[in-house]
Each structure stands twice: as C-alpha cells, then as structure tokens.
Amino acid sequence: MASSKGYLDFIMEQLSGLDGISCRAMMGEYIIYYRGKIVGGIYDDRFLVKPVKSAVAMMPDAGLELPYEGAKEMLLVDNVENRDFLCELLEAMVDELPAPKQKKRAD
C-alpha cells in the first residue's frame with residue numbers, strides 16, 4: 001500500500017520549523033531528509049524513523065516496525081500531532097546519523 005500525499009503534506013508541515021527538511025518519493029513511499037541525512041520516511045501512512053540512541057531515548061515505548069518487506073526495523077512515531085516534539089526528535093537524531101554517501105562519478 002502506498003502512502004498518501006495528504007499524510008506526507010501533514011508530516012512535512014509539522015516539520016516545517018526545521019531548516020533543511022526535505023523529502024523524496026521512492027516506490028510509492030517517501031524518504032525524509034534532515035540536513036541531507038536520511039532520518040526516516042513515510043511508509044503506509046506511518047512516520048518511521050531510524051532507531052538511533054537519541055530516538056529510542058525520546059520514545060522508549062515506540063514499537064519497531066518494518067517499513068517494507070526485507071528492510072531494517074524502524075521506530076514508529078506515534079506523537080505526530082506534536083510539532084515541537086517532532087522537531088526536537090529530528091534535532092536530537094541528526095548528529096547520530098551517517099553522512100550521505102557520495103555518488104560515484106562516471107569518468
């Protein structure tokens with residue numbers, strides 16, 4: 001099941017207080033980037049984030065869910081109505097996330 005554009009728009013509006021937030025459509029779902037790093041995504045109209053230490057600490061009761069078959073488990077963000085919490089969550093996570101991989105250039 002693909003995610004709805006309406007849910008994506010809602011989450012992106014909730015995160016609009018952050019500079020450097022963006023998204024990219026990928027196979028009917030959406031990858032969420034913060035400062036160029038992948039923090040999570042929208043999968044089946046669920047906001048899932050990578051289970052880094054800061055995210056686990058801020059959401060100790062969050063369940064781990066599969067975004068899609070064969071993927072690594074991610075944390076389900078239940079508190080999507082709380083804009084301040086979402087922004088704090090991504091701010092806390094960003095330094096723990098790996099830098100984006102450099103694309104190889106064809107010479």
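At 8% relative accessibility, Ser-3 counts as buried (under 20% relative accessible area, where over 50% is exposed and anything in between is partly exposed, with a 1.4 Å probe and protein chains only). This is a predicted model, in which local features need pLDDT of at least 70 and side-chain atom pairs count only at pLDDT 80 or more, while totals for chains, interfaces and linings use all residues. Residues are numbered from 1 along each chain as its sequence is written, and side-chain values use heavy atoms, with hydrogens and water left out.

**Around Ser-3**

- Ser-3 is found in the segment before helix α1 (5-14); helices (H or I, at least four residues) and strands (E, at least two) are DSSP runs, numbered from the N terminus.
- The side chain of Ser-3 makes a polar contact with the side chain of Glu-29 at 2.4 Å. A polar contact is a pair of N or O atoms within 3.5 Å; within protein, one must be able to donate a hydrogen and the other to accept it, and residues adjacent in sequence count only if both atoms are side-chain atoms.
- The side chain of Ser-3 also reaches the backbone nitrogen of Asp-45, at 3.0 Å.
- Neighbours within four places in sequence aside, Ser-3 is in contact (heavy atoms within 4.5 Å) with Gly-28, Glu-29, Tyr-30, Ile-42, Tyr-43, Asp-44 and Asp-45.

**The sheet**

- Six strands form an open sheet in the order β1-β2-β3-β4-β6-β5, with antiparallel pairing; two strands pair if DSSP finds at least two bridges between them.
- Strands β1 (21-26) and β5 (64-65) stand at the edges, each with a single partner strand, so one side of each has no neighbour in the sheet.
- Strands of a sheet pair through backbone hydrogen bonds, either parallel or antiparallel.
- Strand β2 (residues 29-34) runs antiparallel to strand β3 (residues 37-43), and five bridges join them.
- Tyr-30 stands opposite Ile-42 in β3.
- Helix α3 (residues 83-94) lies across β1, β2, β3 and β4 (46-49), and runs at about 25° to β4. For this angle, axes are lines fitted to C-alpha atoms, for helices over the stretch in contact, and angles run from 0 to 180 degrees between N-to-C directions.

**The loop between β3 and β4**

- Asp-44 is found in this loop and has a positive phi of about 50° although it is not a glycine.
- Asp-44 is partly exposed, with a relative accessible area of 28%.
- Asp-45 lies in the loop between β3 and β4, and its phi is positive, about 55°, although it is not a glycine.
- Asp-45 is partly exposed, with a relative accessible area of 29%.

**Arg-46**

- Arg-46 lies in strand β4 and counts as buried, at 17% relative accessibility.
- A polar atom of the Arg-46 side chain lies 3.1 Å from the backbone oxygen of Leu-66.
- Not counting residues up to four places away in sequence, Arg-46 touches Tyr-7, Gly-41, Glu-65, Leu-66, Pro-67 and Leu-76.
- Arg-46 and Pro-67 are 21 residues apart in sequence and 8.5 Å apart in space, C-alpha to C-alpha.

**The largest pocket**

- The largest pocket holds about 510 Å³ of space. On a 1 Å grid over the protein atoms alone, a pocket is an open set of points where a 1.4 Å probe fits, with protein on both sides within 12 Å along at least five of seven lines. Grid points are joined across faces, edges and corners, and a volume is the space filled by probe spheres set on the points.
- The largest pocket is lined by 18 residues (lining residues have an atom within 4 Å of a point), of which Ile-31, Tyr-43, Pro-67, Tyr-68 and Met-74 lie nearest its centre.
- Strands β2 and β3 each supply at least two residues of this lining.
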